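Reader: I'd like to go through the salt bridges and a helix contact with you. Could we take them one at a time?

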Amino acid sequence: MATVLVIGYVWPEPNSSAAGKRMLQILEYFTTNNYHVIFTTTAAPTEKMADLKALGISSEKIELNNSSFDEFIVALQPEIVLFDRFMMEEQFGWRVSEHSSKSIKILDTEDLHFLRNFRGDKNIEKGTIKNSELAKREIASIYRCDLTLIISEEEMKLLTNEFNIPNNLLLYLPFMMDATSNKQFLPTFEARSHFISIGNFKHKPNVDAVKYLKKEIWPLIRKELPEAELHIYGAYPTQGILQLNNPKENFLVKGWVEKAEEVVKNAKVSLAYIRFGAGLKGKLAEAMQYGTPSVTTTLGAEGMNGNLPWNGYIANTPEEFAKAAVALYINKKAWLNFQEKGFTIIEERFKKDTFQTKMKKRIQEIASNISAHRETNFIGS
């Protein structure tokens, strides 16, 4: 049985973040394809971490800048090493190359950190993304690996068109999701109530989105729908987020929820006023999966729907956003139409079987002649 060593940035928390869900999707790919999976990380365990043992996955604690990892990798000699984000490749990639040179090195970017950082940096004036030191680090990491998993088509375009990364080093691998098979059991329009906003508060775009909702958008919605509530969910809320809780204004900060599915499928509309970020928005994919139409920004929808219509409205000013949110909340016919559009996006854009097959084929191609594959990547060498 082939072995996959995963070097994680953190322990996966699928109920806390889209990154945690994605990591579980990738781990599931390997376990269902009969790999022996070992998950390692330098991070401390958390209460919300997934039970990897129950999934048939071994786990080990590793240390930074410690020769014990060298001994570990020498003895293991895994067929594949997967790095969870480029920082892990920086720390451990050279050790893998030195002590287990035949291992296929795969980088999962989660999203492009340099792109998210560039979009969110308010101090950038005339600089371009290519001046970013973070971009140089992350691009270098991509070159050092045999394959890099890219979650968004927009990021694929950026890497190939702006940075000229060869296609054979990249694989477009978005969320790998099951289609909603129990649509008839989802709560109806009439059975649902209130707005929802959900996201991990360790993620700066989510913090910014909730603060902006509270200050600029919710007052406009509430003027039209005084009885409606906005429920804010997410792991690791900061004190600043908790202080936004205001029952008198129907703005309710709920914090972490163990089963996001339950609150998402009972909400009428999902709101995501994303002003910066990268990758794909797990909160919006989850809303589609559970039949909850959404209102988001152009950036929030980036890479999600391709040429398919959005499952709600896309608006980029507070006034347009609030107007769209109210219209979606009260119009049953439009709501049902947008719900179906969300199901279609999941089934046509994120079908698990499609992307598991593509990943399997690419790994087999690289494994069949790793030397030839690496010879084409002179810069990486």
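Reader: How many salt bridges does the count come to by this rule?

Author: The rule asks for a side-chain nitrogen of Lys or Arg within 4 Å of a carboxyl oxygen of Asp or Glu. Counted that way, there are 21 salt bridges. Bear in mind that this is a predicted model, where local features need pLDDT of at least 70, side-chain atom pairs count only at pLDDT 80 or more, and totals for chains, interfaces and linings use all residues. Residues are numbered from 1 along each chain as its sequence is written, and side-chain values use heavy atoms, with hydrogens and water left out.

Reader: Which parts does the pair of glutamate 90 and arginine 137 tie together?

Author: First the elements: helices (H or I, at least four residues) and strands (E, at least two) are DSSP runs, numbered from the N terminus. The side chains of glutamate 90 and arginine 137 form a salt bridge at 2.6 Å, N to O. Glutamate 90 sits in helix 3 and arginine 137 in helix 5, so the bridge links parts that are 47 residues apart in sequence.

Reader: Where do the axes of helix 3 and helix 5 run relative to each other?

Author: An axis is a line fitted to C-alpha atoms, for helices over the stretch in contact, and angles run from 0 to 180 degrees between N-to-C directions. Here helix 3 (residues 86-99) and helix 5 (residues 133-144) have axes that come within 9 Å and cross at roughly 60°.

Reader: Which residues meet there?

Author: Contact means heavy atoms within 4.5 Å. From helix 3, Phe86, Met87, Glu89 and Glu90 meet Leu134, Arg137, Glu138, Ser141 and Arg144 of helix 5.

Reader: Is aspartate 111 buried or exposed?

Author: Buried means under 20% relative accessible area, exposed over 50%, and partly exposed in between (1.4 Å probe, protein chains only). Aspartate 111 is buried, at 8%, and forms a salt bridge with arginine 116, with the closest N and O atoms 3.1 Å apart.

Reader: What separates glutamate 154 and lysine 157 in helix 6?

Author: About one helical turn, because they are three residues apart in helix 6 (residues 153-162). Glutamate 154 is partly exposed at 33%, and lysine 157 is partly exposed at 45%. Elsewhere, salt bridges with shared partners join Glu28, Asp178 and Lys352 into one network.
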